[in-house]
Amino acid sequence: DKVQVVGFKALINLSKGHEPKELCFSSSAVGAVVNAMVEHKEMDEVQEVGCWAMGALVAAHPESKNQAGECGGVDALCDALKRYSGHENLQQVGLWAMGSLSANMSEMAGRCGKKGGIALAISAMRNFPENPQMQEMGCWALANMAASNHKCADYIGKKEGPETIIAAMKAFPKAPNVQYTAVVALSHLGSEAAIQKLLSLPAFALFQ
């Protein structure tokens with residue numbers, strides 16, 4: 001529905017100003033975004049711009065994260081990522097939204113992890129290995145989930161997180177944003193399993 005897409009884009013622009021973003025929060029704009037995504041699951045553009053709008057709203061007003069959690073935002077986001085796994089732009093903005101939802105909030109990071117967010121982030125990074133922005137957003141999502149929730153950090157470390165993050169660093173050695181988000185992500189994988197996995201990788205792999 002084009003009306004929904006235009007509305008999402010308007011919310012994205014409103015989230016950039018102080019007074020408008022307060023109004024977006026007080027009127028539960030993120031709830032309207034989630035409802036539209038749930039009602040229009042078959043429209044990839046609604047899902048893509050909906051992920052973008054959700055990310056912008058929660059990044060602009062941290063308390064919007066609670067609203068997103070209460071109205072099913074994590075479910076809508078993860079469903080969009082699963083449903084459109086081959087949609088490059090949607091995957092990219094979806095991972096950005098996931099990172100924004102998870103930042104500095106253990107409960108939201110945990111919800112993303114329980115709904116498969118970690119596996120979705122790793123899959124997107126592996127499905128689009130030549131896209132530096134995808135690698136950056138994937139590392140951003142993993143970094144925030146790991147930093148905010150120790151169970152997520154443990155899970156990422158035990159699975160394919162370290163290898164996927166290091167692969168991104170090797171693929172884009174001259175992309176500062178990829179390198180930065182990847183280093184931040186690795187720094188939060190402090191479990192014994194993650195450390196042992198990192199130590200098992202070639203010592204100078206990042207610099208080859």
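Analyst: What follows starts with the chain as a whole and then turns to the pocket and its surroundings. The model is predicted, so that local features need pLDDT of at least 70 and side-chain atom pairs count only at pLDDT 80 or more, while totals for chains, interfaces and linings use all residues. Residues are numbered from 1 along each chain as its sequence is written, and side-chain values use heavy atoms, with hydrogens and water left out.

The protein chain has 14 helices and zero strands, where helices (H or I, at least four residues) and strands (E, at least two) are DSSP runs numbered from the N terminus. Of its 208 residues, 50% are buried, that is, under 20% relative accessible area with a 1.4 Å probe and protein chains only, whereas exposed means over 50% and partly exposed lies in between.

The largest pocket has a volume of about 200 Å³. On a 1 Å grid over the protein atoms alone, a pocket is an open set of points where a 1.4 Å probe fits, with protein on both sides within 12 Å along at least five of seven lines, and lining residues have an atom within 4 Å of a point; the volume is the space filled by probe spheres set on the points, which are joined across faces, edges and corners.

Helix α8 (106-114), helix α9 and helix α11 (150-158) are the elements that give two or more residues to this lining, and α8 gives the most, with five residues. Among the lining residues are Glu107, Arg111, Lys114, Ile118, Ala119, Lys151, Cys152 and Tyr155. By class, the lining divides into four nonpolar, four polar and four charged residues, with Ala, Val, Leu, Ile, Met, Phe, Trp, Tyr, Cys and Pro counted as nonpolar, Asp, Glu, Lys and Arg as charged, and the others, Gly among them, as polar.

Helix α9 (residues 117-127) also packs against helix α12 (residues 161-171), at an angle of about 35° and with the axes 10 Å apart; the axes are lines fitted to C-alpha atoms over the stretch in contact, and angles run from 0 to 180 degrees between N-to-C directions. In this pair, Ile122, Met125 and Arg126 of α9 meet residues of α12 that include Ile165 and Ala168, contact meaning heavy atoms within 4.5 Å.

Asparagine 104 is exposed, with a relative accessible area of 78%.
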